[in-house]
Amino acid sequence: MALILVSSQALAEIQIPTGTKIACRLEQTISSATADEGQPVQLSVTEPVKIADEVVIPQGAVVQGTVVTATAKRRMGRTGKLDFSIDKVRAADGEFIPLRYTMQKREGGSHAVSTGVMTAGAAVLFWPAAPFFLLRKGKDVTINKGIVFEVFTDQDHALKGPTPQNQNSSGSSDAGTLAITSNVSGAEIEIDGNYTGSTPTTRRLPAGIHKIAVKNGAEVWERTLDVQAGTNITVNAILKATSREGPQR
């Protein structure tokens, strides 16, 4: 039987309070020329969030957003319009937490819903390539991949059950190390059926057979790995049609 180590602190006591700060990176470039209102937007957490020395929101965790305004450039020199919301983040227990753009909830305010990050004036921590993260190309608006925004949790969240970090970590000599990457940054990882963060990531696993799944929407990569004590395994998930193979070492 695989050894499962759980923190000495009862995880039921760990709560992510409302107003917890999160830095998240845009994982795609969005253009008013091609975007549609309601289209999903993919972001990921840039730094792990810890409470009582426990990782409650892992680095690479999925952050979901939505395009709320998308109008291509029009005749008579009218510039396109583009904005998106940052809606929710996936915690270490696999549950989603709604997000907002300020530390203190504004009176009558709630999480992102239909408010875009530009409209709301969300804090921009980093932007690539240009001093302005809104780039107008031929009067269409482009928001560059790699921009980092600062957002905050919009409600208290009590972790449900052991975090994946504790389910899949082991400091004993009967463990191996598994590094997982993928051709899609921020793809969701499941180890033995438990959500354990997003690519890229590294985990210590007890020696034995483990089922690994990497998912991005409908695309799934799956392997069964035979992890040996003291070994270092690196896998690169190429996400396409569902792929399954037998045990590997």
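A residue counts as buried when its relative accessible area is under 20%, as exposed when it is over 50%, and as partly exposed in between. That cut-off is needed for Val184: its relative accessibility is 19%, so Val184 counts as buried. The model discussed here is a predicted one.

Val184 lies in the loop between β15 and β16. Leaving aside residues up to four places away in sequence, Val184 touches Gln42, Thr199, Asn216 and Leu239. One of these, Leu239, is 55 residues from Val184 along the chain, and the C-alpha atoms of the two are separated by 7.3 Å.

The wider setting comes next. The protein has 249 residues, of which 47% are buried. Its secondary structure consists of two helices and 22 strands. Among the contacts with a separation of 6 or more, 60% are between residues 24 or more positions apart. The accessible surface is about 12400 Å², and carbon and sulfur atoms account for 50% of that surface.

Another part of the structure can be followed from strand β8. How much of β8 is buried? Eight of its ten residues are, so β8 is largely enclosed by the rest of the structure. Strand β8 pairs with β7 (residues 62-71) in the antiparallel sense, over eight bridges. Thr69 stands opposite Asp83 in β8. Strand β8 also pairs with β9 (residues 96-100), again antiparallel, over three bridges. Here Arg90 stands opposite Phe96 in β9. The hairpin of β8 and β9 has five residues between its strands, and Gly94 in this hairpin takes a positive phi near 90 degrees.

The charged end of Lys88 sits over the ring of Phe96, at 4.9 Å from the ring centre. There is also one aromatic pair in the structure. It is made by Phe84 and Phe149, whose ring centres are 5.8 Å apart; their planes stand at 85 degrees, so the pair is edge-to-face. Phe84 belongs to β8 (residues 81-90) and Phe149 to β13 (residues 148-153), so that the pair links distant parts of the chain, 65 residues apart. Both Phe84 and Phe149 are buried.

Some loop residues deserve a look for their backbone angles. Most residues other than glycine have a negative phi. Ala52 has a positive phi, near 55 degrees, and is not a glycine. Ala52 is found in the loop between β5 (49-51) and β6 (54-57). With a relative accessibility of 48%, Ala52 counts as partly exposed. Asp192 is another residue that is not a glycine and has a positive phi, of about 55 degrees. Asp192 sits in the loop between β16 (188-191) and β17 (194-198). Its relative accessibility is 36%, so Asp192 counts as partly exposed.

The last stop is Thr18, in the loop between β1 (15-16) and β2 (21-26). Is Thr18 buried or partly exposed? Its relative accessible area is 38%, so Thr18 is partly exposed. Not counting residues up to four places away in sequence, Thr18 touches Arg100, Thr153, Asp154, Gln155 and Asp156. The C-alpha atoms of Thr18 and Ile97 are separated by 9.5 Å, and these two residues are 79 apart along the chain.

Conventions:
Residues are numbered from 1 along each chain as its sequence is written. This is a predicted model: local features need pLDDT of at least 70, side-chain atom pairs count only at pLDDT 80 or more; totals for chains, interfaces and linings use all residues. Side-chain values use heavy atoms; hydrogens and water are left out. Rings of Phe, Tyr and Trp (its six-membered ring) pair if their centres lie within 6.5 Å; planes under 30 degrees apart count as stacked, over 60 as edge-to-face and the rest as tilted. Helices (H or I, at least four residues) and strands (E, at least two) are DSSP runs, numbered from the N terminus. Buried means under 20% relative accessible area, exposed over 50%, partly exposed in between (1.4 Å probe, protein chains only). A charge sits over a ring if NZ of Lys or CZ of Arg is within 6 Å of the ring centre and within 35 degrees of the ring normal. Two strands pair if DSSP finds at least two bridges between them. Contact means heavy atoms within 4.5 Å. Accessible areas come from the Shrake-Rupley method with a 1.4 Å probe; for residues, only the protein chains shown count as cover.
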